[in-house]
Amino acid sequence: MIRSSLLVVLVIAVAGCGSGQAKGDLLQRVKAAGVIRVAQTQANPPWNFLENGKPAGYDVDVANELAKRLGVAKVEFVPSNFQSFIAGVQAGRFDAVISGQTITDERKEQVDFSRPYEVNGISIFVAAGSGISGVADLKGKKVAVTAGTTQAAFAKKSIPDADIKTYDNATLGLTEVGRGRADAALVSRFQGAFLAQKNSLAVKPAGPLLESEVNGISFAKGSTAFKQAVDQALGDMISDGTLSAISKKWLGGLDMAEQLKGV
């Protein structure tokens, strides 16, 4: 009877240990696999987009540099969207999101975030001669936003009398404004300017920044070793000038390391 009880205890203990080892920390898993799966919209230039069919942009360069510093040989970029990022991390469809995801208290309850790696701000983009110069002018107007973004949340919270039109990406929203089918679009200042120039859209930013955003890399909660390694790598990229070089390449000469000071 005693032997049987001991056997049962041993079996449970071994099974428990095996389960923990199989799960492990995210850092162990990506190193063992030799690949880290990174989710991006692939439609959010200059942060991340497809160029000649291949991922490109600030977030892509950050992801590749980060993988190298973590000792992971390959980055597998997984197309997704802001509405699916958190669920995808929780379900294990990808290991991390490096796609301009704003750090918010609500999101921090569901996923963990790295230290900030970029800052951004919301601008109103309008067609020439619109007469719109601030939020007060958007009352009763058609306002384009990208689904699942903080811009969309801002519009619903701060412009209750507007007719909010939701699109899959910022390019579509800005195009609607340029064609006169929407009165304004809420887009990040850097992204909107980039898209307007690249696509020859007759839109421009109007008024001051509505709200500043601090963005981080998100991943599954409890990934302590992974977070420590990512934070260390990002800190090194800031101090050795790598992040400055990446940002100047994609953000019209902007030094993101300078923007992150004091954040």
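Lys-227 counts as partly exposed at 28% relative accessibility, whereas Asp-231 counts as buried at 17%; buried means under 20% relative accessible area, exposed over 50% and partly exposed in between, with a 1.4 Å probe and protein chains only. The side chains of these residues, Asp-231 and Lys-227, meet in a salt bridge with an N to O distance of 3.0 Å, where a salt bridge is a side-chain nitrogen of Lys or Arg within 4 Å of a carboxyl oxygen of Asp or Glu. Because they are four residues apart in helix 9, Asp-231 and Lys-227 are separated by about one helical turn. Helices (H or I, at least four residues) and strands (E, at least two) are DSSP runs, numbered from the N terminus.

This is a predicted model, in which local features need pLDDT of at least 70 and side-chain atom pairs count only at pLDDT 80 or more, while totals for chains, interfaces and linings use all residues. Residues are numbered from 1 along each chain as its sequence is written, and side-chain values use heavy atoms, with hydrogens and water left out.

## Other salt bridges

The structure holds eleven salt bridges, including one between Arg-69 and Glu-65, whose closest N and O atoms are 2.6 Å apart. Arg-69 and Glu-65 are four residues apart in helix 3, so about one helical turn separates them; Arg-69 is partly exposed at 31% relative accessibility, while Glu-65 is buried at 15%.

Glu-258 forms a salt bridge with Lys-261, with 3.0 Å between the closest N and O atoms. Salt bridges that share partners join Glu-65, Lys-68, Arg-69 and Asp-240 into one network.

In helix 2 (residues 26-33), Leu-26, Leu-27 and Val-30 are buried. They lie on the same side of helix 2 because they cover an arc of only 100 degrees around the axis, the arc being that of the directions from the helix axis to the C-beta atoms. The face turned away from this buried side carries the exposed residues Gln-28 and Ala-32.

What covers the buried residues of helix 2 includes strand 1 (35-40), helix 3 (58-70), strand 12 (203-219) and helix 9 (224-239). Just after helix 2, Gly-34 takes a positive phi of about 75 degrees.

## Asp-255 between two helices

Asp-255 is found in the loop between helix 10 (242-250) and helix 11 (256-259), and is buried, with a relative accessible area of 17%. Leaving aside residues up to four places away in sequence, Asp-255 touches Ser-244, Ser-247 and Lys-248, contact meaning heavy atoms within 4.5 Å.
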